[in-house]
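Q: Please take a close look at the first part of the chain and what it packs against. I would like the cut-offs spelled out along the way.

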Amino acid sequence: MMDFLLYKDVILLSNVPEENLQVGDIGTVVERHEVAGLETGYSVEFFDMLGNTVALATLPGSMLRVPSKFDRPPIRQEAFTTA
């Protein structure tokens with residue numbers, strides 16, 4: 001199992017609909033959670049491209065991976081709609 005470092009970027013591997021997060025979203029690890037008998041969890045803060053927080057989710061490490069040189073920030077279609 002991968003160990004993610006605090007304040008480093010991670011990429012989401014599964015959708016989290018209740019937080020409006022999608023596979024490929026990029027976040028920053030802000031806390032590590034160790035509970036005996038359970039998978040290590042991480043609190044991850046997700047931002048938009050302007051640096052605004054869009055979600056703070058606590059997720060198991062199996063839902064995350066480290067970025068590679070081939071990753072690029074995704075652009076979602078709803079970003080082009082007006083509010």
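A: A residue is called buried under 20% relative accessible area, exposed over 50% and partly exposed in between, using a 1.4 Å probe and protein chains only. The model is predicted, so local features need pLDDT of at least 70 and side-chain atom pairs pLDDT 80 or more, while totals for chains, interfaces and linings use all residues. Numbering runs from 1 along each chain as its sequence is written, and side-chain values use heavy atoms, without hydrogens or water.

Phenylalanine 4 lies in the segment before strand 1 (9-12); strands are DSSP runs of E with at least two residues, numbered from the N terminus. Phenylalanine 4 counts as buried because its relative accessibility is 4%. Tyrosine 42 is buried because its value is 1%.

These two residues form an aromatic pair (ring centres within 6.5 Å). The pair is edge-to-face (planes over 60 degrees apart), with 5.2 Å between centres and 85 degrees between planes. Tyrosine 42 sits in strand 3 (residues 41-47), 38 residues away from phenylalanine 4.

Strand 1 pairs (at least two DSSP bridges) with strand 2 (residues 26-33). This pairing is antiparallel, with three bridges, and valine 10 has glycine 27 as its bridge partner. Strand 1 also runs antiparallel to strand 5 (residues 64-65), joined by two bridges, where leucine 12 faces leucine 64.

Beyond its neighbours within four places in sequence, leucine 12 has contacts (heavy atoms within 4.5 Å) that include Leu21, Phe46, Leu59 and Leu64.

Notes: Phe/Tyr/Trp six-rings, centres within 6.5 Å; stacked < 30°, edge-to-face > 60°. Helix = DSSP H or I, 4+ residues; strand = E, 2+ residues; numbered from the N terminus.
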